[in-house]
Amino acid sequence: MFAKRCVLALAIAILPTAAKSAADQVFFGYLNGANESPNPVPSPGTGFALVTYAPDTVMMRVQVSFAGLTSGTTASHIHCCFSPPTTTTAAVATTLPTFTGFPLGVTAGTYDHTFDMTLASSYNPAFVTAQGSIGAALAALLAGMTNSTAYFNIHTMNFSAGEIRANMKPDAVFGNGFEQVAG
């Protein structure tokens, strides 16, 4: 119960800085070990990820808060796009080996960075190649987050394949806002 309250408090803490225009697309997910696939991880770690894409500027803001990991972080990124129900994992879509400036070697932390999605450096080069262009890679990533076939993953020393994961969902799940998260 404490972990759920902690995640909720962290989520609420970052929401005021996540102002969006009417055209922005917002995606979120709750990070935990049970979401790891194909093998859930027995981790006390939890977190909340928020991704805001602004089509007018082609910028993507990535915010995350996490705590309770069993060992230090080694990487974090967004994977896209798996094909349910036959597959539940996907290749890394965003920067490798980890998000720019993501806190490494820690068991708890926060992250807030904005990426220019017109730049190849915002993606895994193999993801861009597989999609055919940067524009197609962006479209695939947004579609994956919209249909929940993209996931945010935090990797650690103890769990190199990922300790906590969140399948990203559009904010419309909460009625085009986050007021219900706190309720």
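**Figure 1. The disulfide of Cys 80 and Cys 81 in the predicted model.** Cys 80 counts as buried, with a relative accessibility of 4%; buried denotes under 20% relative accessible area, exposed over 50%, and partly exposed the range in between (1.4 Å probe, protein chains only). Cys 81, at 33% relative accessibility, counts as partly exposed. The two residues are joined by a disulfide with an S to S distance of 1.7 Å, the term denoting a pair of cysteine sulfur atoms within 2.5 Å. The torsion about their S-S bond is about 45°, so the disulfide is right-handed. One disulfide is present in the structure.

**Figure 2. The salt bridge between Arg 61 and Asp 112.** Side chains of opposite charge can pair when their charged atoms come close. Here the side chains of Arg 61 and Asp 112 meet at 2.5 Å, N to O; a salt bridge requires a side-chain nitrogen of Lys or Arg within 4 Å of a carboxyl oxygen of Asp or Glu. The pair links distant parts of the chain, 51 residues apart, with Arg 61 in strand 3 (residues 59-67) and Asp 112 in strand 5 (residues 109-116). Helices (H or I, at least four residues) and strands (E, at least two) are DSSP runs numbered from the N terminus. Asp 112 counts as partly exposed, at 43% relative accessibility. The structure holds one salt bridge.

**Figure 3. The largest nonpolar core and the surroundings of Met 60.** A nonpolar core is a set of buried Ala, Val, Leu, Ile, Met, Phe, Trp, Tyr and Cys residues joined through side-chain atoms within 4.5 Å. The largest one has 33 residues, of which Met 60, Val 64, Ile 78, Leu 141, Met 145, Phe 152 and Ile 154 touch the most other members. Helix 3 (residues 134-146) supplies the largest share of this core, six residues. Leaving aside residues up to four places away in sequence, Met 60 touches residues including Ile 78, His 113, Phe 115, Leu 141 and Met 145, where contact means heavy atoms within 4.5 Å.

**Figure 4. The protein chain as context for the close-up views.** The chain comprises four helices and eight strands, in the order α-β-β-β-β-β-α-α-β-β-β-α along the sequence. Of its 183 residues, 47% count as buried. Among contacts between residues at least 6 apart in sequence, 65% join residues at least 24 apart.

**Notes.** Residues are numbered from 1 along each chain as its sequence is written, and side-chain values use heavy atoms, with hydrogens and water left out. In this predicted model, local features need pLDDT of at least 70 and side-chain atom pairs count only at pLDDT 80 or more, whereas totals for chains, interfaces and linings use all residues.
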